[in-house]
Amino acid sequence: EGVHDAFHDFRHVIGMPCH
Amino acid sequence: MNLKEYLKSGVIAGVVWGWLSYLTNAVTGVFPFEGSFAQDIVSFSFAGAVFGLGTGASLALFGRFIPFRSVVARAVFASAFIWIALRLVGDMLSMMEPERYHLFTPGTIQGLGLSIVLGAILGILVRKAAGPAPVNA
């Protein structure tokens, strides 16, 4: 990580740290 | 059951779990979605399948070392274990780059709950795929 943008919501929803 | 069956169950469980994760967050409102529904449903399906595949593979390879008799309990253990391991690595990243990686407590609680749900779905699918337990074995 565009790859980040694609999975941004998913990572927040499952509780992983993200921007 | 062979590895292929575990992986197949893992992918199916993962995709269903991805949709369920989307639905759960839509209800709880823990994280306001930033992407469109169409974009998110694709990314949640794909990412869910990857998570399910990883959990299914772990269950197939290491399941016999998990100290529970029920396959559902073993799947929940494997799924939660993987989630906790990933989260600990996320904590390390957050310590190294706090501006880039934010920790988010409500999301963490939701994520741990969802990892348990993934394990439960996978365990049920694996149990169904394995068929009925032998009688008097």
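Visitor: How many aromatic pairs are there over all chains?
Guide: Keep in mind that this is a predicted model. To pair up, two rings need centres within 6.5 Å. By that rule, the count over all chains comes to 11 aromatic pairs.

Visitor: Is the aromatic pair of A:Phe7 and B:Phe46 stacked, edge-to-face or tilted?
Guide: A pair of aromatic rings is described by the distance of the centres and the angle of the planes. Here the centres sit 6.0 Å apart, and the planes make an angle of 35°. Planes under 30 degrees apart would be stacked and those over 60 edge-to-face, so this pair counts as tilted.

Visitor: Is B:Phe46 buried or exposed?
Guide: Exposed means over 50% relative accessible area. B:Phe46 has 52%, so B:Phe46 is exposed.

Visitor: Which residue of chain A is in the cluster linked by ring pairs?
Guide: Ring pairs tie together B:Trp17, B:Tyr22, B:Phe33, B:Phe37, B:Phe44 and B:Phe51 from chain B. The cluster also takes in a residue of chain A, namely A:Phe10.

Visitor: What is the angle between H3 and H4 of chain B?
Guide: Helix H3 covers residues 71–96 and helix H4 residues 105–130, with their axes 7 Å apart. H3(B) passes H4(B) in a right-handed crossing. Their contact residues divide into 14 nonpolar, 6 polar and 2 charged. The two helices of chain B pack at an angle of about 145°.

Terms used
Residues are numbered from 1 along each chain as its sequence is written. Chains are lettered from A and ligands numbered from 1 in the order in which they are written. This is a predicted model: local features need pLDDT of at least 70, side-chain atom pairs count only at pLDDT 80 or more; totals for chains, interfaces and linings use all residues. Side-chain values use heavy atoms; hydrogens and water are left out. Axes are lines fitted to C-alpha atoms, for helices over the stretch in contact, and angles run from 0 to 180 degrees between N-to-C directions. Helices (H or I, at least four residues) and strands (E, at least two) are DSSP runs, numbered from the N terminus. A crossing is left-handed if the near helix is turned anticlockwise from the far one by less than a right angle, and right-handed if clockwise. Ala, Val, Leu, Ile, Met, Phe, Trp, Tyr, Cys and Pro count as nonpolar, Asp, Glu, Lys and Arg as charged, and the others, Gly among them, as polar. Buried means under 20% relative accessible area, exposed over 50%, partly exposed in between (1.4 Å probe, protein chains only).
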